[in-house]
Amino acid sequence: MPRLPLVSTVDKLEGAAWLDPAAGTVSRLVKKMLPSGNVTDALHGVPLGHPVHPLMVTVPLGAWVSAAVLDVLPGNNRTARTLVGLGVLAAMPTALTGVTDFSQLDTLQQRTGVVHQASAAVATALYAASWLARTRGGHGSGKLLGFAGLAVSGIGGFLGGHLSYRQGAGVNRNDDLPEEVPAGWHSLGPADEFPTGRPRPAQLGGVRLMVLHRGATESDGGTGVFSVLADTCSHLGGPLHEGHLQDTRGELCVVCPWHGSVFSIQSGEVVHGPATAPQPVFRTRVRGGRLEVSLTGAED
Ligand code: FES
């Protein structure tokens, strides 16, 4: 089936290096305004376990689509105006969640993202003008501005879909791990080959792992306590073994070297975003001097 011309145009955005200065400026501004912390985590969607922006988008788009339906039916001017206004109000926090995610994307994603933002801004401006016109009694011009806003927000929505489903923004990079790691225990090699106190890389088939030898205690018979997580950061795939360890709220964590997501070593939970999906954690044991791992939740 032939592709729509819009699809080819959007594909070209990823190679449009001329968008980088604009994207970089927006990204820097957002990072300056929203340093990492609980508010920024909430805007990313950390408490939800996935990005909050797609959820937020349904409010303005739903209001505007509903207003467009009412606009083609007689006698709904007042309700349509209310929906247009509701959409404009909802667009503000929605944009905030979007730019927060945008600020932590890679270069190619940001090229699409900055055009997506511009489309959303133009659509919101058109709808704001539509609401103003309707408020002043210009329902005819208000409807035209609304239809123009709907067309532009459709382009913005298309770009948002491209960003998520083609470019992988906001998706969990470890979702297929349970299929990649066979059930049971797997050897990673001699346990004493993992030096104590710093994350090391390891390979289990095609899966990259981060191994942390936390030292030996009497209770483990001197074999050592190990923590093993998927090495591929759930955000955009950064190598966690290259990150650093830190204590956050009394919990030992690893910080991703790419965008600073903080994961609990013990549970893999996200302590700070931009990642929203936890890191898969492996069970560990030492048998015959060899470190063995089994994916938590998998059958023995
Ligand atoms: S890749 Fe972005 S925080 Fe790890």
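**Salt bridges, helices and sheets in a predicted model**

Colleague: Which residue forms a salt bridge with Arg134?
Modeller: This is a predicted model. The closest N and O atoms of the pair are 2.7 Å apart, within the 4 Å cut-off for a salt bridge. The partner of Arg134 is Asp71.

Colleague: How many residues apart in sequence are the parts that Arg134 and Asp71 tie together?
Modeller: Arg134 belongs to helix H6, whereas Asp71 belongs to helix H4. The contact therefore links two helices, and the separation in sequence is 63 residues.

Colleague: Which helices are joined by the pair Arg166 and Asp11?
Modeller: The side chains of Arg166 and Asp11 form a salt bridge with an N to O distance of 2.9 Å. Because each residue sits in its own helix, the pair ties together parts 155 residues apart in sequence. The helices are H7 for Arg166 and, for Asp11, H1 (residues 5-13).

Colleague: What is the count of salt bridges by this rule?
Modeller: The pairs Arg134 with Asp71 and Arg166 with Asp11 are among them. By the same cut-off of 4 Å, the count is five.

Colleague: How far does helix H6 reach from its first C-alpha to its last?
Modeller: H6 covers residues 107-135, which is 29 residues. At 1.5 Å a residue the expected span is 42 Å, and the model comes close to that. The reach of H6 is 42 Å.

Colleague: Which residue has a side-chain oxygen reaching the backbone nitrogen of Leu108 at the start of H6?
Modeller: The oxygen comes to within 3.2 Å of that nitrogen. At the other end, H6 is followed by Gly137, with a positive phi near 95°. The residue at the start is Asp106.

Colleague: Which helices each supply at least two residues of the nonpolar patch?
Modeller: The patch has an area of about 550 Å² and is made by Val65, Val69, Val72, Leu73, Leu144 and Phe147. Phe147 lies in helix H7. The helices supplying at least two residues each are H4 (53-71) and H7 (139-166).

Colleague: Which residue of S10 stands opposite Pro190?
Modeller: S1 and S10 (residues 290-295) run antiparallel and are joined by four bridges. The residue opposite Pro190 is Arg290.

Colleague: By how many degrees are neighbouring strands of the four-strand sheet, S5-S6-S7-S8, turned against each other on average?
Modeller: The sheet is open and its pairing is antiparallel. Strand S5 (244-248) and strand S8 (270-272) pair on one side only.

Colleague: Which residue of S7 stands opposite Cys253?
Modeller: Strands S6 (residues 251-255) and S7 (residues 262-264) pair over three bridges in the antiparallel sense. The residue facing Cys253 is Ser264.

Colleague: What is the phi of Arg249?
Modeller: Arg249 lies in the loop between S5 and S6. Its phi is positive although the residue is not glycine, and the value is near 50°.

Colleague: Which residue is joined to Gly273 by a cis peptide bond?
Modeller: The omega of this bond is about 20°. The residue in question lies in the loop between S8 and strand S9 (281-287). It is Pro274.

Key
Residues numbered from 1 in each chain as written. Predicted model: local features only at pLDDT ≥ 70, side-chain atom pairs only at ≥ 80, totals over all residues. Heavy atoms only, no water. Pairing = 2+ DSSP bridges. Expected span 1.5 Å × (residues − 1). Polar contact = N/O pair within 3.5 Å; in protein donor to acceptor, adjacent residues only side chain to side chain. Patch = residues over 30% accessible without salt bridge, like charges linked within 9 Å, V, L, I, M, F, W, Y side chains within 5 Å. Areas by Shrake-Rupley, 256 points an atom, 1.4 Å probe, with all protein chains shown as cover.
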